[in-house]
Amino acid sequence: MAELVPFAVPAKSDKTLLVWELSSGPTAEALHNSLFTEFSRFGLLYSVRVFPNAAVARPGFYAIIKFYSAKDAHRAQKGCDRKQLFQKSPVKVRLGTRHRAVQHQALALNSFQCQELANYYFGFNGWSKRIVEVNCVSWKQSCQGEEEYLSDFSLEEDEFRLPKLD
């Protein structure tokens, strides 16, 4: 079954992972980079945020990781929970819990995030200034009791140029 990935900030808990028991040795920035590398194997990440543990807990860090896709988040949770990943001790990874009373308003992504999402899921490796127009005309023709389907396909490509300002 296909999953619909909207061009909106991921707000549902099934796209959010909580990662804890992160080592206190590396810096928060180093942990961020390691987590980003490790979890991006499973899909496109919206965000990786690293926080120090509370003062009452033992020294270390925890992280909140958001995916655009719930399927990717689920695969990452299964693939990384109780694994050592990039440190000597295993980490714990859980999917976010659902809060039914909280209603989230869908927030639009910024233009960079929209491009990143389109590039990832549509397989683009960049955007072009060219405009491509595709024309496809199909028609049905009956001939001696049989139907034939004919089509005409054309592709036109033009360079998009901004008007010069005087």
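These legends describe close-up views of a predicted model.

Local features are taken where pLDDT is at least 70, side-chain atom pairs count only at pLDDT 80 or more, and totals for chains, interfaces and linings use all residues. Residues are numbered from 1 along each chain as its sequence is written, and side-chain values use heavy atoms, with hydrogens and water left out.

**Figure 1**
Helices (H or I, at least four residues) and strands (E, at least two) are DSSP runs, numbered from the N terminus. Along the sequence the pattern is β-α-β-β-α-β-α-β-β. The chain has 166 residues, and 25% of them count as buried. Buried means under 20% relative accessible area, exposed means over 50%, and partly exposed lies in between (1.4 Å probe, protein chains only). The accessible surface comes to about 12,400 Å², with 54% belonging to carbon and sulfur atoms. Areas come from the Shrake-Rupley method with a 1.4 Å probe; for residues, only the protein chains shown count as cover. A contact means heavy atoms within 4.5 Å. Among contacts with a separation of 6 or more, 59% join residues 24 or more positions apart.

**Figure 1. Helix α1 has a buried side and an exposed side.**
Helix α1 spans residues 28-39, 12 residues in total. From first C-alpha to last, α1 reaches 16 Å, close to the 16 Å expected at 1.5 Å a residue. The expected span is 1.5 Å times one less than the number of residues. Leu 31, Leu 35, Glu 38 and Phe 39 are buried in α1. Seen down the axis, the buried residues fall within an arc of 80 degrees, so they line one face of the helix. The arc is that of the directions from the helix axis to the C-beta atoms. An α-helix has 3.6 residues a turn, so residues three or four places apart point the same way. Exposed Glu 29 and Thr 37 sit on the face turned away from the buried side. Cover for the buried residues includes β1, β2 (45-52), β3 (61-67), α2 and β4.

**Figure 2. Thr 16 is a buried residue of strand β1.**
The relative accessible area of Thr 16 is 15%. Leaving aside residues up to four places away in sequence, Thr 16 touches Ile 64, Ile 65, Lys 66, Arg 94, Leu 95 and Gly 96. Thr 97 lies in the loop between β4 and α3 (111-122). The C-alpha atoms of Thr 97 and Thr 16 are separated by 8.7 Å, although the two residues are 81 residues apart along the chain. Thr 97 is exposed, at 57% relative accessibility.

The whole structure contains 3 aromatic pairs. In the edge-to-face pair of Tyr 46 and Tyr 68, the centres are 5.7 Å apart and the planes stand at 85 degrees. Tyr 46 is partly exposed at 24%, whereas Tyr 68 is buried at 2%. The rings of Phe 51 and Tyr 62 have centres 5.3 Å apart and planes at 25 degrees, so this pair is stacked. Rings of Phe, Tyr and Trp (its six-membered ring) pair if their centres lie within 6.5 Å; planes under 30 degrees apart count as stacked, over 60 as edge-to-face and the rest as tilted.

**Figure 3. Asp 81 forms salt bridges with Arg 82 and Arg 94.**
A salt bridge is a side-chain nitrogen of Lys or Arg within 4 Å of a carboxyl oxygen of Asp or Glu. A search of the whole structure finds 6. The closest N and O atoms of Asp 81 and Arg 82 are 3.7 Å apart. For Asp 81 and Arg 94 the N to O value is 2.8 Å. Asp 81 lies in the loop between α2 and β4 and Arg 94 in strand β4, so the pair ties together parts 13 residues apart in sequence. Asp 81 is buried at 14%, and Arg 94 is partly exposed at 29%. Arg 82 is exposed at 54%, with a positive phi near 60 degrees.
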